[in-house]
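Morning, everyone. Let me put the structure up, and then we'll walk through it strand by strand.

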Amino acid sequence: MAERERLSPYPNPAKDAFTLNSKVSGHLTVYTTSGQAVQTQAYTPGDKTDISSLTPGLYLYRFTSGRGVRTGKVVKE
């Protein structure tokens, strides 16, 4: 990913699902704030990540692609 490209989830906060603004495919893992992986998926641009089964709160994500690794936060309502 370009050095200045920011990877952002939307909507954030999210109720049932979120999408990343990535233009590349990769692998997405969602973690609790204590570091426990709660969801993993192959990710293609435009995919929705279903978080409807998760408890409301703050989650971290890690997106890995051929262009590097990006991390961030998403809030589940």
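Ground rules before we go on. This is a predicted model, with local features needing pLDDT of at least 70 and side-chain atom pairs counting only at pLDDT 80 or more, while totals for chains, interfaces and linings use all residues. Residues are numbered from 1 along each chain as its sequence is written, and side-chain values use heavy atoms, with hydrogens and water left out.

Now the overall layout. The protein chain has zero helices and seven strands. Here helices (H or I, at least four residues) and strands (E, at least two) are DSSP runs, numbered from the N terminus. Read from the N terminus, the elements go β-β-β-β-β-β-β.

What about overall size? The C-alpha atoms fill a box of roughly 30 × 20 × 20 Å along the principal axes.

Strands of a sheet pair through backbone hydrogen bonds, either parallel or antiparallel. Ours is an open sheet of four strands, in the order β4-β3-β6-β7, with antiparallel pairing. Two strands pair if DSSP finds at least two bridges between them. The edge strands are β4 and β7, each pairing on one side only. From one strand to the next, the twist averages 20 degrees. For that, axes are lines fitted to C-alpha atoms, for helices over the stretch in contact, and angles run from 0 to 180 degrees between N-to-C directions.

Let's cross the sheet. β3 and β4 are joined by six bridges. One to find on screen: V30 has Q39 in β4 as its bridge partner. Then β3, residues 26-31, meets β6, residues 57-65, through five bridges. There, T29 has R62 in β6 as its partner.

The cut-offs: buried means under 20% relative accessible area, exposed over 50%, and partly exposed in between (1.4 Å probe, protein chains only). Leaving aside neighbours within four places in sequence, V75 is in contact (heavy atoms within 4.5 Å) with N12, P13, A14, G57 and L58. N12 is 63 residues away along the chain, yet its C-alpha atom and that of V75 are separated by 6.0 Å.

On to the inside. Buried residues make up 35% of the 77 residues. The largest nonpolar core has 14 residues. A nonpolar core is a set of buried Ala, Val, Leu, Ile, Met, Phe, Trp, Tyr and Cys residues joined through side-chain atoms within 4.5 Å. F18, L20, L28 and F63 have the most contacts inside the largest core. β2, β3 and β6 each supply at least two of its residues. The largest share, three residues, comes from β6. Look at L20: among the residues that L20 touches, beyond four places in sequence, are L28, Y43, Y61 and F63.

Finally, the rings. How many aromatic pairs does a search of the whole structure find? Two. Rings of Phe, Tyr and Trp (its six-membered ring) pair if their centres lie within 6.5 Å; planes under 30 degrees apart count as stacked, over 60 as edge-to-face and the rest as tilted. F18 and Y61 have ring centres 6.4 Å apart and planes at 35 degrees, so this pair is tilted. F18 sits in β2 and Y61 in β6, 43 residues apart. Both are buried. The rings of Y43 and F63 have centres 5.7 Å apart and planes at 85 degrees, so that pair is edge-to-face. Y43 is in β4 and F63 in β6, 20 residues apart. Y43 is buried at 1% relative accessible area, and F63 is buried at 0%.
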